[in-house]
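Thanks, everyone. Please have the structure up on your screens.

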Amino acid sequence: MKKSVGVLLVITMLISGQLFAAGAQEGAAEPVKKTVINFPTAATTGAVYPLGSAMANLWNTKLDTVRASAQASAGGIANLNMIADGEAQLGVAVTSIMYESFNGIGAFEGRPNPNLRVMIGLYANPNQVVVTQNSGINSLADLSGKRFASGAPGSTTEVETSLHLKTSGVNYPDGLRVQYVGFTEAIDLMRNKQLDGAWIMAGIPNAAVTEMLSTAGGKLLSLDMDLIKKLQKAYPWYGAYTIPANTYPGQTTDVLTSAIKITVCTDARVDADVVYDMTKTFWENFEELKATQAPLKQVNPKEAVKDLAGLPLHEGAARYYKEIGLL
């Protein structure tokens with residue numbers, strides 16, 4: 001009898017164990033589906049790549065639906081090509097080349113990408129025109145006949161010089177003595193009085209501009225608002241930008257210039273809920289990111305959807321911006 005009871009107990013325990021195991025299996029949560037986000041940024045030597053890495057880490061930490069990976073890249077044009085080809089879901093680019101990619105013009109002639117979308121408007125990259133104090137230059141029109149560094153041939157800086165001077169009525173490049181050199185060479189030439197001015201496009205404060213103003217007798221040139229409006233009509237990616245007084249040594253007044261916004265862009269086909277979550281997570285943790293990422297110190301969250309060259313926002317990002325009253 002005792003033996004029979006023992007056998008029954010063993011059988012009961014086995015059945016209970018099997019039922020418990022089955023219940024646990026049935027009640028187990030299914031693995032969360034993760035959206036893979038490839039995120040090309042820029043070269044590892046600049047400030048954009050570390051920013052992209054910090055953003056990817058934030059999303060991976062805060063969102064269990066995303067697996068983001070920031071990657072070094074050749075820059076904006078390469079990033080936009082990767083998005084168009086489906087090789088990347090996010091990228092960093094300025095609105096000027098985004099406009100070209102969306103419309104299939106310029107560097108993207110014949111290859112429009114109607115799926116390109118803005119996710120996050122970051123900061124403006126301003127044009128900074130430095131001229132020597134004794135050059136007699138007070139406007140872009142005064143650059144005619146002067147010795148001027150416009151940047152390396154084909155560089156963004158040289159393109160900006162060309163667009164602005166031509167819009168100002170200056171015959172570029174034939175109407176002045178152009179030096180196709182970068183920032184570092186321009187500083188030395190200015191110090192040696194072999195140069196009257198230089199064009200620099202970079203975030204503020206910029207080390208080369210600081211050097212030119214503090215050691216080479218330079219001053220920042222303000223652009224005329226009428227010129228900026230004229231540029232905007234022809235090239236809708238431009239915005240007016242003020243370099244605040246005392247940004248640089250000896251700069252006692254505000255300086256008006258033009259600027260192009262840097263964005264995090266994406267593809268319309270990336271899930272709207274995922275983009276919503278990523279956009280929301282970025283802005284809700286913005287102060288934490290800003291503490292370690294210098295470029296974000298230039299970002300005004302209230303201007304996240306301004307100066308975007310008329311480019312469309314992603315559906316998911318737009319939903320968030322509407323919630324917080326920016327749209």
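The largest pocket holds about 1100 Å³ of space. A pocket here is an open set of points on a 1 Å grid over the protein atoms alone, where a 1.4 Å probe fits, with protein on both sides within 12 Å along at least five of seven lines. Points are joined across faces, edges and corners, and the volume is the space filled by probe spheres set on them.

This is a predicted model, where local features need pLDDT of at least 70, side-chain atom pairs count only at pLDDT 80 or more, and totals for chains, interfaces and linings use all residues. Numbering starts from 1 along each chain as its sequence is written, and side-chain values use heavy atoms, without hydrogens and water.

Lining residues have an atom within 4 Å of a point. The largest pocket has 35 of them, with Val94, Asn125, Thr156, Met201 and Ile262 nearest its centre. Its largest share, five residues, comes from α5. Also supplying at least two residues each are, among others, β3 (90-94), β4 (116-132) and β10 (255-267); helices (H or I, at least four residues) and strands (E, at least two) are DSSP runs, numbered from the N terminus.

By type, that lining has 20 nonpolar, 13 polar and two charged residues. Nonpolar means Ala, Val, Leu, Ile, Met, Phe, Trp, Tyr, Cys and Pro, charged means Asp, Glu, Lys and Arg, and the others, Gly among them, are polar.

The second largest pocket has about 260 Å³. Of its 15 lining residues, Ala124, Tyr241, Lys261, Glu303 and Asp307 lie nearest the centre. β9 gives the most, four residues.
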